[in-house]
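Please look through the charged contacts and the nonpolar surface of the chain shown below, and work through the questions that follow.

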Amino acid sequence: FLRRAGTWMNTGNLTQAKRNVSLGKREMAGKRDLQAIRMQAQLDAFESSVHAASGDAVQAANSAHNAISRAERAKAEEAMARAFSVLDWANFMLGIDEERKGPRAIEIYERLGLLERSVGVMNNLGAFAYFEGKWDEAVNWYQQSLDAAERSGNVLEAALTRTNIAEVLIGQRRFDEARRLLEEARRIYEASKSEHFLPLLNLLE
């Protein structure tokens, strides 16, 4: 169920992703052994991501809390890291002032050898800082995200992070630095011919 839900989510079909998560949770309902709790944590964490993708911060937070509770019991670290990241986003959207869990998610992902997963978490932390007016902190997180993306070979995420850094630099009137980053990002977007990233070219005009 989780694999199918991931496939549907990658295609943008959130309805089918939610349906498969629900089927998986129904299958695991009532089971109390450690392996079952670990799977329930993974399903809850994935469900929180689906809710976040659909913009439902309340349900995303609820599922993330459920995932964290079960992940702590079953030592399901990957599920915990995913839920930590989603909970940060949900709290930000809901205006809840709570200590960010993103750094803990990054530590888990890097310890598990999932460097590419930490890229998005760092980007989110940079975005939170940016919208809170903490521009130096935003650039610091974005730079860490860029370094991680390049180390993991994710050139498209690296390009996206360059545009994020450039946005901050433009706000600081550091136009020449921003222009260089945007030109690098444009070259990568154009070479990728990715339907997901090509619309961003319009933003680089």
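This is a predicted model, in which local features need pLDDT of at least 70 and side-chain atom pairs count only at pLDDT 80 or more, while totals for chains, interfaces and linings use all residues. Residues are numbered from 1 along each chain as its sequence is written, and side-chain values use heavy atoms, with hydrogens and water left out.

Q: Which residue forms a salt bridge with K101, and how far apart are the closest N and O atoms?
A: A salt bridge is taken here as a side-chain nitrogen of Lys or Arg within 4 Å of a carboxyl oxygen of Asp or Glu. K101 meets this rule with E98, and their closest N and O atoms are 3.0 Å apart.

Q: Is K101 buried or exposed?
A: Buried means under 20% relative accessible area, exposed means over 50%, and partly exposed lies in between, with a 1.4 Å probe and protein chains only. E98 has a relative accessible area of 33% and is therefore partly exposed. K101 has a relative accessibility of 16%, so this residue counts as buried.

Q: Which helices are linked by the salt bridge of E78 and R117?
A: The side chains of E78 and R117 meet in a salt bridge with an N to O distance of 2.7 Å. The two residues are 39 residues apart, and the pair links distant parts of the chain, with E78 in helix α5 (residues 77-94) and R117 in helix α7 (residues 115-131). Helices are DSSP runs of H or I with at least four residues, numbered from the N terminus. The helices asked for are α5 and α7.

Q: What is the relative accessibility of R162, the partner of E150?
A: E150 forms a salt bridge with R162, the closest N and O atoms being 2.6 Å apart. E150 lies in helix α8 (residues 135-151) and R162 in helix α9 (residues 155-171), so the pair ties together parts that are 12 residues apart in sequence. E150 counts as partly exposed at 42%, whereas R162 counts as buried, with a relative accessibility of 11%.

Q: Which residues make the nonpolar surface patch of about 340 Å²?
A: Patches are made of residues with over 30% relative accessible area and no salt bridge, where like charges are joined within 9 Å and nonpolar side chains (Val, Leu, Ile, Met, Phe, Trp, Tyr) within 5 Å. One of the members, L94, lies in helix α5 and is partly exposed, with a relative accessible area of 38%. The patch is made by V58, M93, L94 and I96.

Terms used:
Accessible areas come from the Shrake-Rupley method with a 1.4 Å probe; for residues, only the protein chains shown count as cover.
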